[in-house]
Amino acid sequence: QQQHTTTTNSTTINPNGCRFLSPYELQIQTHDAVVPQLIRAKSFVIATGASPIIPPHLKDGAKQASVPLYTYRNLLQPEGGAAADDEEDQSIWNILQTKTTQPQRPPSILIAGGGATACELGQSLARLGRKRGLRVVLTAPNLLPTQDATIQNAAYQMLTQDGIDIRLTTRLKNIRKRANGDSDSNSNSTGGTGIAVLDDGSEIPVDAVVLCLGRSPGSSLSSLNLDAARVKWSPEGGVHVNDRTLRSVSNRRVFACGDCSSAVLSLTQQQQQQQQLGHHREEDRRAAAHGAWTGFHVVRNIAVPWILRAFSPSIHPAVPRVI
């Protein structure tokens, strides 16, 4: 499932699948080769990232209700691109164009999640569809849960000013097919090809649902056959590595970086725990370390004063830092 282009000994290959055969052997199946290519190396770097979390029951419900289900990866795809389930054209642009030709049924989109991605996509959709009567509903237990209360309040005000209907302390429970007589008890809108059911019992007519429920490295790692490489990993925690060296704890030939690495995931978890405990100074330090992996405002470690680096559990000589 890996779609990266790899160059080995001046030969370019486009693998459509790769898997470990042993702790030092990797098999790559190319598009045009009948026999898979075998690569032996002293070291391997795993950087497969993480994929959006899509709960199976929501996926099944959306399919039965014929409601397009999007994530940040396919929401803003070009018009005519592949749909969420690779079926007919169900791009967000096509939905907007179709629904706005029916004034009595303004388009309605629900965003499940309250993190930064949900806020960014919600604001983008609200502004893009403002003149088309688009209704955007955001439902989540809380807004920007890892941020300070001041930032949470500012985000809430900005999103409501853009016309987003924010429903906190709720979660998306299920998606079902719209039946005759269904209506949104909390809105005058009569639109929506399906019904989003929230855990507080309320129901919202929707034409599309955007899932922003976080990411998991499991789907990108499962196809690599890491057990054959004696690499310890888990679907939730990614490749288990030493936080300082990024080396696998069970196979010294293998390194992992980015969102598929337990080092990054542990930083995120610790950040959330510190936020819950109210230790904002500790949270800020870990948030900065986590941000370094994404490449924002990076500097070389040498530029960071020693006193700021001395006691950090996440310092590595090759990893940039954030100030």
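**Close-up 1. The largest nonpolar core of this predicted model has 25 residues.** Ile-111, Leu-125, Leu-138 and Val-210 have the most contacts inside this core. A nonpolar core is a set of buried Ala, Val, Leu, Ile, Met, Phe, Trp, Tyr and Cys residues joined through side-chain atoms within 4.5 Å. Buried means under 20% relative accessible area, exposed over 50%, and partly exposed in between, with a 1.4 Å probe and protein chains only. The elements that give two or more residues to the core are helix 2 (92-99), strand 9 (108-112), helix 3 (116-128), strand 10 (135-140), helix 4 and strand 15 (208-211). Helix 3 gives the most, with five residues. Helices (H or I, at least four residues) and strands (E, at least two) are DSSP runs, numbered from the N terminus.

Residues are numbered from 1 along each chain as its sequence is written. In this predicted model, local features need pLDDT of at least 70 and side-chain atom pairs count only at pLDDT 80 or more, while totals for chains, interfaces and linings use all residues; side-chain values use heavy atoms, without hydrogens and water.

**Close-up 2. Helix 4 spans residues 149-161.** Its 13 residues reach 18 Å from first C-alpha to last, close to the 18 Å expected at 1.5 Å a residue. The expected span is 1.5 Å times one less than the number of residues. Asp-148 caps the N-terminal end of helix 4. A side-chain oxygen of Asp-148 lies 2.9 Å from the backbone nitrogen of Thr-150. Just after the helix, Gly-163 takes a positive phi of about 90 degrees.

**Close-up 3. Three strands form an open sheet in the order 12-13-14.** The pairing is antiparallel. Two strands pair if DSSP finds at least two bridges between them. Strand 12 (172-177) and strand 14 (203-206) are the edge strands, each pairing on one side only. Five bridges join strand 12 to strand 13 (residues 194-198). Ile-175 stands opposite Ala-196 in strand 13.

**Close-up 4. The structure holds zero disulfides.** A disulfide is a pair of cysteine sulfur atoms within 2.5 Å. The sulfur of Cys-212 has its closest cysteine sulfur in Cys-119, 8.9 Å away and so too far for a bond. Cys-212 is buried, with a relative accessible area of 14%. Cys-260 is in no disulfide either; the nearest cysteine sulfur, that of Cys-257, is 6.3 Å away. Cys-260 counts as buried, at 0% relative accessibility.

Conventions: Polar contact = N/O pair within 3.5 Å; in protein donor to acceptor, adjacent residues only side chain to side chain.
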